Number of protein chains: 2
Amino acid sequence: MSEDLPHPDRAEIRIEAVLHALADPVRLHYVRELDRIGTGVACGAIELPVTKSTRTHHLRTLREAGVIRMRKEGTARIATIRRDDLDARYPGLLNAVLSAES
Amino acid sequence: MSEDLPHPDRAEIRIEAVLHALADPVRLHYVRELDRIGTGVACGAIELPVTKSTRTHHLRTLREAGVIRMRKEGTARIATIRRDDLDARYPGLLNAVLSAES
């Protein structure tokens with residue numbers, strides 16, 4: 001298990017970037033699905049109604065904002081929500097967003 | 001006191017629009033200042049490091065997202081945060097965002 005993509009450290013996460021990342025309906029759907037599934041999932045396992053390149057863009061936006069972590073397991077890439085980091089930096093934010101009606 | 005600009009009803013507020021509105025550093029600064037001041041303020045009273053037309057755009061984005069309400073009092077336009085509506089729709093969200101370090 002090794003990380004191959006850059007992630008911001010907890011202290012580097014910025015509220016504007018987190019809000020921007022979550023403001024897109026496709027990305028918000030992805031994060032809600034990740035939350036619903038609970039454990040890390042292969043990043044292709046959640047279907048999104050977009051092209052592969054757009055999907056890649058969305059996942060990069062979430063990763064670079066510090067919302068999700070991507071790690072390699074063998075040939076798979078596993079995505080998880082950075083709940084501990086987000087809850088530590090912005091208490092209540094993630095729950096408020098994930099429980100919101102759209 | 002009459003409203004002259006359209007505002008979404010509480011039930012029409014959408015989480016994506018609220019997050020988008022708050023994701024911009026200038027708009028977030030404006031909302032934080034509104035929150036700090038507490039009561040409604042003439043919408044020009046909070047200085048923003050942008051041109052007048054950009055300022056107008058930012059305030060419209062906040063209003064149309066349901067984050068702020070603008071009302072006329074005489075010749076002034078008064079801005080307030082729609083805290084009741086936002087707290088009812090997305091409990092905890094506004095506090096989490098406003099108390100966040102940037």
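Which helix of chain B does B:Ala96 lie in? B:Ala96 belongs to helix H5 (residues 93-98) of chain B, where helices (H or I, at least four residues) and strands (E, at least two) are DSSP runs numbered from the N terminus. Welcome to a short tour of this predicted model, in which local features need pLDDT of at least 70, side-chain atom pairs count only at pLDDT 80 or more, and totals for chains, interfaces and linings use all residues. Residues are numbered from 1 along each chain as its sequence is written, chains are lettered from A and ligands numbered from 1 in the order in which they are written, and side-chain values use heavy atoms, with hydrogens and water left out.

**Chain A as a whole**

- Chain A has 5 helices and 3 strands, and from the N terminus on its elements follow the order α-α-β-α-β-β-α-α.
- The C-alpha trace of chain A spans about 35 × 30 × 25 Å along its principal axes.
- For 102 residues, a compact globule would have a radius of gyration near 13 Å, and chain A agrees with its 13 Å; the radius is taken over C-alpha atoms, and the globule rule is 2.2 Å times the number of residues to the power 0.38.
- Of the 102 residues of chain A, 48% count as buried (buried means under 20% relative accessible area, exposed over 50%, partly exposed in between, with a 1.4 Å probe and protein chains only).
- Among the contacts in chain A with a separation of 6 or more, 65% come from residues 24 or more positions apart; contact here means heavy atoms within 4.5 Å.

**H1 and H3 in chain A**

- A handy reminder first: two packed helices are described by the angle between their axes and the distance between the axes.
- Helix H1 (residues 15-22) of chain A is mostly covered, with 6 of its 8 residues buried.
- The buried residues of H1(A) are A:Ile15, A:Glu16, A:Val18, A:Leu19, A:Ala21 and A:Leu22.
- The axes of H1(A) and helix H3 (residues 52-65) of chain A come within 9 Å and cross at roughly 155 degrees (axes are lines fitted to C-alpha atoms, for helices over the stretch in contact, and angles run from 0 to 180 degrees between N-to-C directions).
- That angle makes H1(A) roughly antiparallel to H3(A); angles under 35 degrees count as roughly parallel, over 145 as roughly antiparallel, 65 to 115 as roughly perpendicular and the rest as oblique.
- The crossing of H1(A) and H3(A) is left-handed (the near helix is turned anticlockwise from the far one by less than a right angle; clockwise would be right-handed).
- H1(A) brings A:Ala17, A:Val18, A:His20 and A:Ala21 to this contact, and H3(A) brings A:Thr61, A:Leu62 and A:Ala65.
- By class, the contact of H1(A) with H3(A) has 5 nonpolar, 2 polar and no charged residues; Ala, Val, Leu, Ile, Met, Phe, Trp, Tyr, Cys and Pro count as nonpolar, Asp, Glu, Lys and Arg as charged, and the others, Gly among them, as polar.

**H2 and H3 in chain A**

- The axes of helix H2 (residues 25-37) of chain A and H3(A) come within 10 Å and cross at roughly 70 degrees, which makes H2(A) roughly perpendicular to H3(A).
- This crossing of H2(A) and H3(A) is right-handed.
- From H2(A), A:Val26, A:Arg27, A:Tyr30 and A:Val31 meet A:Arg55, A:His57, A:His58, A:Leu59, A:Thr61 and A:Leu62 of H3(A).
- The contact of H2(A) with H3(A) has 5 nonpolar, 3 polar and 2 charged residues.

**H1 and H3 in chain B**

- Helix H1 (residues 15-22) of chain B is mostly covered, 6 of its 8 residues being buried.
- H1(B) and helix H3 (residues 52-65) of chain B pack at an angle of about 155 degrees with their axes 9 Å apart, and are therefore roughly antiparallel to each other.
- The crossing of H1(B) and H3(B) is left-handed.

- B:Ala96 is buried, with a relative accessible area of 2%, and touches A:Pro91, A:Gly92 and A:Leu93, not counting residues up to four places away in sequence.
- B:Asp85 is found in helix H4 (residues 83-89) of chain B and counts as buried at 12% relative accessibility.
- Leaving out residues up to four places away in sequence, B:Asp85 touches B:Arg10, B:Ile13 and B:Arg69.
- B:Lys72 lies in strand S2 (residues 68-73) of chain B and counts as partly exposed at 35% relative accessibility.
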